[in-house]
Amino acid sequence: GLARERAPSLPALPATLSKATAMLSHARTLTIEWGDCDPAGIVFYPRYLAMFNASTDAMLQAAGINASALFKRHQAIGWPMVDTHASFSLPTAYGDQVRICSSVVEVARTRFHIRHQLYAEDGRLGVNCLDQRVWAVAHPQRPGELERARLPDDRRQAPTSQGPTRW
């Protein structure tokens, strides 16, 4: 089952598009904090999504992607998460050391998918998550609303872990 999978060595979780393009991946280690836990002493499941969001930011920063400048240059609002699927196979608790491996696994016209896998210190897989993000811009007719937009053509090529990225 999922709990028997072991953490990969860096570079973490290389993935490919159908065109066999290497995708961007990143891993980070963190300690579970007291505020992440529920009264039972284990991580409250929505906290994993916050960890994965921070891992997405860390992955893009490590690749040299300045999100603020990118959004400004393309008049975008951001890349909000619009769908997520997670399976939880191992609880984690206050003080546990975990490793989160994040990888862009698909880039399409208006969206991209990121896989996050959280591993316990002993290498067992605790959480497997896939999130979908979209390229969002301000809605032209409805102030305050967002709409999905086509990723800029020069950004649709998947970012890679090797060499300079175009994102």
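Let me start with a definition: two rings of Phe, Tyr or Trp (its six-membered ring) pair if their centres lie within 6.5 Å; planes under 30 degrees apart count as stacked, over 60 as edge-to-face and the rest as tilted. By that rule, Phe71, Trp79, Phe112 and Trp135 form one aromatic cluster.

Now the ground rules. This is a predicted model, where local features need pLDDT of at least 70, side-chain atom pairs count only at pLDDT 80 or more, and totals for chains, interfaces and linings use all residues. Residues are numbered from 1 along each chain as its sequence is written, and side-chain values use heavy atoms, with hydrogens and water left out.

Back to the rings. The structure holds 7 aromatic pairs. Take Phe71 and Trp79: their ring centres are 4.8 Å apart and their planes stand at 75°, so this pair is edge-to-face. Trp79 is buried, at 7% relative accessible area (buried is under 20%, exposed over 50%, partly exposed in between, with a 1.4 Å probe and protein chains only). Phe71 is buried too, at 14%.

Next, Trp79 and Phe112. Ring centres are 5.9 Å apart and planes are at 90°, so this pair is also edge-to-face. The pair links distant parts of the chain, 33 residues apart. Trp79 sits in the loop between α2 (67-73) and β2 (81-88), Phe112 in strand β4 (residues 111-120). Helices (H or I, at least four residues) and strands (E, at least two) are DSSP runs, numbered from the N terminus. Phe112 is buried, at 1% relative accessibility.

Last, one more aromatic. Where is Phe44? In the loop between β1 (25-31) and α1 (45-62). Phe44 is partly exposed, at 42%.
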